[in-house]
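The sequence and structure come first.

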Amino acid sequence: MTPMALVLIVLILAATFVGALYIFHQTERERMANEFRMHSIERVLPNKMQAYERMALYLDRISPMNMVQREQMKVQTAYDLYPLLSNAVRQEFEHNVAMQIYFPTKTWVKIERARDEVLKCLTDEAKAIDKRASSIEYGMQVVDSAKNGCQFHIDRALEALRHDIGDAMVIPN
């Protein structure tokens, strides 16, 4: 065998070894990245699911029908019920505002819109009703108004939560 043939064989073997080493290194990097990603998902997913549960509960709690049923008997007049309901919406939102880190921006915007529309509904009906009206009259007006307005935004926010949860259950590559 000539020295040139030996050099050629050594170069081919070296190139094969370097190529195999490169492929092994790339595969190992991908494996480690996937392992890290899965570990991150295992740690974050429970918190994310809890955030979605809490936000779904919030949206349910600010539904005018549910709020009126829950709070109406605590006071006698519309004048007293309005601040009770609007403060409940604001306080519950403030209590859950830190959850926004787990939501896509478009979903969080829908949640804020639902809150804003509920507050608008409560305010509009409080302005329209006689201040001496009973809490029952005010509650009925709020519930009727909600059917044509803010309930739509609550339902859209809930739909966005459901959609996001479906996406969250898909494990990324």
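Which residues does S86 touch, not counting residues up to four places away in sequence? S86 touches L119 and L122, where contact means heavy atoms within 4.5 Å.

This is a predicted model, in which local features need pLDDT of at least 70 and side-chain atom pairs count only at pLDDT 80 or more, while totals for chains, interfaces and linings use all residues. Residues are numbered from 1 along each chain as its sequence is written, and side-chain values use heavy atoms, with hydrogens and water left out.

**Helix packing**

S86 is found in helix α3; helices are DSSP runs (H or I, at least four residues) numbered from the N terminus. At 3% relative accessibility S86 is buried, a label given under 20% relative accessible area, with exposed over 50% and partly exposed in between (1.4 Å probe, protein chains only).

The two helix pairs are listed below. Axes are lines fitted to C-alpha atoms over the stretch in contact, and angles run from 0 to 180 degrees between N-to-C directions.

| Pair | Angle | Axis distance |
|---|---|---|
| α3 (residues 78-96) and α4 (residues 105-128) | about 165 degrees | 9 Å |
| α2 (residues 64-71) and α3 | roughly 120 degrees | within 11 Å |

The angle in the table makes α3 roughly antiparallel to α4, and α2 oblique to α3. Angles under 35 degrees count as roughly parallel, over 145 as roughly antiparallel, 65 to 115 as roughly perpendicular and the rest as oblique.

The crossing of α3 and α4 is left-handed, that is, the near helix is turned anticlockwise from the far one by less than a right angle, and clockwise for right-handed. On the α3 side, Y82, L85, S86, V89, R90, F93 and N96 make the contact, and on the α4 side W108, I111, E112, R115, V118, L119, L122, T123 and A126. By class, this contact of α3 with α4 has 10 nonpolar, 3 polar and 3 charged residues. Ala, Val, Leu, Ile, Met, Phe, Trp, Tyr, Cys and Pro count as nonpolar, Asp, Glu, Lys and Arg as charged, and the others, Gly among them, as polar.

The crossing of α2 and α3 is right-handed. M67, V68 and E71 of α2 meet L81, L84, L85 and V89 of α3. That contact has 6 nonpolar, no polar and 1 charged residues.

**Cysteines**

The whole structure has 0 disulfides, a disulfide being a pair of cysteine sulfur atoms within 2.5 Å. The sulfur of C121 has its closest cysteine sulfur in C150, 4.0 Å away, too far for a bond. C121 is buried, with a relative accessible area of 6%, and C150 is buried at 2% relative accessibility.

Definitions and conventions: Helix = DSSP H or I, 4+ residues; strand = E, 2+ residues; numbered from the N terminus.
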